[in-house]
Every structure is written in structure tokens, then in C-alpha cells.
Amino acid sequence: MESFAVKLVISLLIFMIIEFIIYRLFVFRNLNYSRELSENAVFEGEEVFLYEKIENKKILPIGWLSADIGLSENLEILPRPGIYVRYNKYCRSVFSLLPYTSVTRKNIIRCKKRGEYSLNTVSITTSDLLGLSGEMSKQYSIDAPLVVYPVPADKSMINLPSHNWMGDLIVRRFIMEDPFFIAGTRPYQYGDPLNRISWKATARTDSLQTYKYDHSTHSDMLIWFNAEVDPLSQMSSDDVSQKIIDFGISCCATFAETAIDNGVRVGFDSNAFSSKGGNINCIEPLNGTAQFYTILTELARVEYGFYHSFYRFIEDKLKDGVTGKDILLVTAFMDERLLQQAQLLREKGNFVEIFNIGLEHFYKK
């Protein structure tokens, strides 16, 4: 009996050592992890599905395995069976895999705030069946970017420039004839320029005819957003300042949406830092749904900081020779110097309106 017991102990020790070595060497071999979002871009407050799939393509079973994801506090994974959320910043999914099997799990992420987020890394932790090796971890790189668009501000809750200035811009679009768009001909009227006469139509009808031009479709509107909050105002609290900036971003989204819906080409620029690094990209005026989402993406990237003052920003635009544009300045403050710069822009042939997103506008929201 003693001999049998010794042999049993030795056999168990040999088994444990072999098991320990095998799992140490091969536990991550042919272990595949993939992750996919149901949508790569959503609006604030919306939910997106995160699909996790892990495949064990080998003969070794895996007793337990966890996938740890670091999250922004602005993304909330809703608790589900097998999903453990800590401090609303870390999510752990626990799996158990037999040989040559796979498991797919669907998580729900609630997007609480605008921004550009990266779900590109995951830490896989596991152990051998007996727990002798302790925890073993490996990092996986997964391409899963997520953009959360700002929700456009409610038009009924803000003093939209479209009620006056933007309305004038839209009207100008339909009353300005574009010589590059010929809609047909019409009888000559006293005062018509001679270079508009259509000689072919005149010969065909035996009466003097002039070209009839279509309306211009190239009205350009520029939205310039000021990420600087006036330090002399009563908006010194970081929390209040960020809320005002977010409100201004939502207003910019509304202005862009309104203009594009009315056929106006829209561009965007700002003195803000970008979450991509560096400055916000200047978006040239274009029309269409794709342009609207391009602007929304850039608005989502706006950081709470600016690379130089709004005065300097406008000075640079004046040096660039901006002219013939309809410019909307969206800013948290308005002072004499800013009014003077707006007048200089007007003297360059631009239409300029200032929309103040200060406390009086913020509290209307």
C-alpha cells in the first residue's frame, strides 16, 4: 500500500508538472479573439452592440478565461450574465472553452457623451486547469473605433440665426443667378446685357432671345467655433465651461444641418484642439449628407482647450484673404475687439453673424 501511495503521489506530481508545462507553452496558441461593433458611429444617448468572439482551435480545454476591456467613463457597458463592470471603466467577460469550440457574446454599450473612442486593445487572462501556473495574460490588438456624434440642439430652444440671417442666406441662394447654369431662353427685355443674347434662339424664333440662368447652388457658409471661454465672465468653473462648450457644439451641428437641408454649402473650423492630436481640421464648404456627418465627426473630436485665442484665429483668416463667404461666429463671449474683427470680415466682402453661446443662451437649453 505504501508503495502504491508513493507511486500515486509521484504520478500526480508528474501529471501536474506536465500539465503546468503544456499550458504554459500552448494555452495561447490557436486562441483567437475578435471584437466588432454593430455601428462605428452613433449619437449621444444611443446604444451600440459590442460582439466578442473567442475561439479555442486546439485540443487543450480552457477552464476559465477573462477578456478585460478598458473603457472611457463616457461609455457604459450594461451588466449582463458573464459580464462584470468595475468603476464603470473596466469590463471583464468570463468564458469557458472546450477543445475546438467558440463562444460569441453580445454586450450593450450606452454612449453617454460625444467623442472619439478607441476599443483597440484587450487583455486576455487565463490559467491551467489546476491553477498551478497562476494567471497568464496576453494583449490583443483589435481595430474597433467608435465615434459618438453630438446631438444637434433643439431648434425651438435656441435663437436660430435661420430666423433672420440664415434665412437671408437661403433667400440669396435662390435669387442669385449663376451664369454657368443655363435654364433656357426668354424674350429680350429692355436693359438685358447684350452678352446674354442667344443668337441661335433669336434666329429660330425670329425674335430677340436672351439666356435664362438658373439659381446659384454655391452659396458658402462657414461656421467658426470658438473653444475659448471668456475668463473675465462668470463662467470660470471648469464644469460650467465644458457644458457651455458642449452646448455650442450642439448649436454648430444644428446650424450645419439647417443650412445643408436648405441646399447651402457649409464648412467648419475652430481654434480647438482635436482628440486626434493637433488642431481641428478645417472643413471646406460642401453640401450633402456626407458633409453633415463629416462636420459631426469633427465636432465630436473637439477637446476642452484651444491652441490660440479666437482673436488670433480670425486674424489668420483675414491674412488668408477669406472673402465672399457667409460666416457664422459661434462664441461664448462677444466684446469690442471681436465686433471690430467681424467688421473687418464684412469689409472683405463677407456676411458675418455672431451667435453668443454665453450663459444667457446656455440656460435656455
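This is a predicted model: local features need pLDDT of at least 70, side-chain atom pairs count only at pLDDT 80 or more; totals for chains, interfaces and linings use all residues.
Let's start with strand β1, which covers residues 31-37. This strand has two faces that you can tell apart. L31, Y33, R35 and L37 make up the covered face, while N32, S34 and E36 sit on the uncovered one. Now look for the partner of β1. Strand β3, residues 47-56, runs antiparallel to β1, and seven bridges join the two. If you want one spot to check by eye, find N32: the residue opposite N32 is E55 in β3.

Next comes a sheet. Three strands build an open sheet, and their order is β2-β12-β9, with mixed pairing. Which strands form the edges? They are β2 (41-43) and β9 (115-118), and each of them pairs on one side only. On average, neighbouring strands in this sheet are turned by 20° against each other, if you ignore direction. Zoom in on one of the pairs: β2 and strand β12 (residues 145-149) are parallel, with three bridges between them. Here A41 stands opposite V147 in β12. A helix joins the picture too. Helix α5, residues 289-300, packs on this sheet and touches β2, β9 and β12. The direction of α5 makes about 100° with that of β12.

Leaving out residues up to four places away in sequence, S137 touches F28, S123, I124 and T125. T126 is worth a look as well: S137 and T126 are 11 residues apart in sequence, and their C-alpha atoms are 6.5 Å apart in space.

Last, let's follow two helices, α6 (residues 310-319) and α7 (residues 336-347). How do they lie relative to each other? Their axes come within 11 Å and cross at roughly 15°. Angles under 35 degrees count as roughly parallel, and therefore α6 and α7 are roughly parallel to each other. Their crossing is left-handed. So who actually meets whom? From α6 come F310, Y311, I314, E315 and L318, and from α7 come R337, L338, Q341, L344 and L345. Sort the residues of this contact by class and you get seven nonpolar, one polar and two charged ones.

Note on methods:
Residues are numbered from 1 along each chain as its sequence is written. Side-chain values use heavy atoms; hydrogens and water are left out. Axes are lines fitted to C-alpha atoms, for helices over the stretch in contact, and angles run from 0 to 180 degrees between N-to-C directions. Helices (H or I, at least four residues) and strands (E, at least two) are DSSP runs, numbered from the N terminus. Angles under 35 degrees count as roughly parallel, over 145 as roughly antiparallel, 65 to 115 as roughly perpendicular and the rest as oblique. A crossing is left-handed if the near helix is turned anticlockwise from the far one by less than a right angle, and right-handed if clockwise. Contact means heavy atoms within 4.5 Å. Ala, Val, Leu, Ile, Met, Phe, Trp, Tyr, Cys and Pro count as nonpolar, Asp, Glu, Lys and Arg as charged, and the others, Gly among them, as polar. Buried means under 20% relative accessible area, exposed over 50%, partly exposed in between (1.4 Å probe, protein chains only). Two strands pair if DSSP finds at least two bridges between them.
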